[in-house]
Amino acid sequence: MNEQGVANVKHIKEPLPMGSYRKEDCIFLLKNINGLLEEQNNLEREYAMQNGTHYSEMLPIEYMPTKEYMTLYKNTLEETAEEIAFYTGIVAELIYRKKGKDVVIVSLARAGTPIGVLIKRYLAYKYQVNVPHYSVSIIRDKGIDENALLYILKEHPAGDIQFVDGWTGKGVISHTLEKACKHFKNKYEVDLDDTLAVLCDPGECTSLYGTRADFLVPSACLNATVSGLMSRTFLRNDLIGPYDFHGSKFYKEWEEIDVSNDFVDTIATHFSQLNIHEEDLVNNEMGAFNAAQSVENIRQCFDISSINRVKPGVGETTRVLLRRVPWKILVKDKEDKHLKHILLLARDRGVPVEVYQDMCYSCCGLIKDMCDV
């Protein structure tokens with residue numbers, strides 16, 4: 001690391017305790033922005049974003065699930081916990097083979113955070129190693145939180161960072177990470193591995209994945225209450241200083257409805273029953289990027305001007321319904337068990353659902369053009 005990098009490390013503050021995960025499971029490298037700004041509704045944010053305001057400069061009002069929706073979430077978790085444990089084991093094994101006991105798990109807040117906790121738990125169970133796990137912010141068009149990375153490098157100079165997320169969609173975060181790592185090397189003379197490890201890789205963006213199926217990770221169904229009670233990350237110069245971590249709100253007042261620890265505990269109980277074989281680990285090659293063509297076909301078919309308004313995959317479609325202004329939802333098969341929550345959210349929000357089979361994803365969310373509102 002060059003002299004400027006060392007100087008920056010000296011200015012970085014120690015992280016304050018945040019989030020509802022146990023300290024041994026995850027350390028959030030984020031600045032608490034509680035009380036510094038008000039959340040905005042989806043319509044306000046959508047107008048602002050389509051008129052040039054960056055999404056990271058605002059926070060959405062968090063979706064409060066109905067009783068029916070929470071029942072669906074709990075049933076989905078019960079039905080898929082063993083399968084998620086299996087996919088967690090696969091990606092954790094691939095990471096451990098590549099980096100060994102010196103690995104430092106760095107999950108991308110917030111979808112990556114529960115997966116990072118699960119990978120850490122799996123490695124502790126299988127290999128009796130206590131690897132560090134931090135959760136940091138990465139933001140499209142703005143990059144990764146360099147102060148957080150500098151802190152990690154200071155704390156673990158011999159560590160080998162492995163970035164983790166929940167799933168891939170179009171591959172935007174993968175590309176953002178690649179670009180950010182190149183910038184970090186140019187600025188600090190530090191090589192970082194930009195290979196993103198994910199539970200589900202329907203976007204065919206990485207060689208480190210548990211499955212390529214467009215699989216519902218139940219944590220995608222909820223927001224803060226399954227992500228350590230943290231908001232999505234925030235970056236605006238008037239509230240985040242040059243030596244601050246990126247920002248996030250900690251919704252401590254929602255502790256009674258928090259399921260973050262229950263989610264990881266439920267899945268981790270299946271680790272002892274897993275039988276992961278060599279053949280489960282040999283097909284992790286980069287994909288043919290058919291996903292990119294699927295997205296472009298959708299954009300053209302529905303005459304959508306910006307690719308940013310096409311959000312493919314179960315995880316991204318869920319996000320569209322929870323915190324954007326959806327125009328319509330495309331599904332391959334309305335009977336797909338992984339789409340029950342999508343259909344429920346669409347029904348509750350009055351969003352039309354259309355069967356569309358010319359895509360490699362199981363579903364896709366299309367965002368409304370605010371010029372048409």
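Strand E3, spanning residues 103-109, is mostly covered, with seven of its seven residues buried (buried means under 20% relative accessible area, exposed over 50% and partly exposed in between, with a 1.4 Å probe and protein chains only). Helices (H or I, at least four residues) and strands (E, at least two) are DSSP runs numbered from the N terminus. The model is predicted: local features need pLDDT of at least 70, side-chain atom pairs count only at pLDDT 80 or more, and totals for chains, interfaces and linings use all residues. Residues are numbered from 1 along each chain as its sequence is written, and side-chain values use heavy atoms, with hydrogens and water left out.

In a regular strand the side chains alternate between the two faces of the sheet. Both faces of E3 are covered: Val-103, Ile-105, Ser-107 and Ala-109 are buried on one side, and Val-104, Val-106 and Leu-108 are buried on the other. E3 pairs in the parallel sense with strand E6 (residues 160-167) over five bridges, where pairing requires that DSSP find at least two bridges between two strands. A parallel pairing over five bridges also joins E3 to strand E4 (residues 133-139). Val-106 is opposite Phe-163 in E6, and its bridge partner in E4 is Tyr-134.

Helix H5 (residues 146-155) is likewise mostly covered, eight of its ten residues being buried. The buried residues of H5 are Glu-146, Asn-147, Ala-148, Leu-149, Leu-150, Tyr-151, Ile-152 and Leu-153. At the start of H5, a side-chain oxygen of Asp-145 lies within 3.1 Å of the backbone nitrogen of Asn-147.

Rings of Phe, Tyr and Trp (its six-membered ring) pair if their centres lie within 6.5 Å; planes under 30 degrees apart count as stacked, over 60 as edge-to-face and the rest as tilted. Among the pairs is that of Tyr-63 and Tyr-69, which is edge-to-face, at 5.5 Å centre to centre and 85 degrees between the planes. Tyr-63 counts as partly exposed because its relative accessibility is 22%, whereas Tyr-69, at 1%, counts as buried. Phe-86 and Tyr-87 form a tilted pair, with 6.0 Å centre to centre and 55 degrees between the planes. Phe-86 is partly exposed at 23% relative accessibility, while Tyr-87 is buried, with a relative accessible area of 11%. Ring pairs link Phe-86, Tyr-87 and Phe-215 into a cluster.

Conventions: A polar contact is a pair of N or O atoms within 3.5 Å; within protein, one must be able to donate a hydrogen and the other to accept it, and residues adjacent in sequence count only if both atoms are side-chain atoms.
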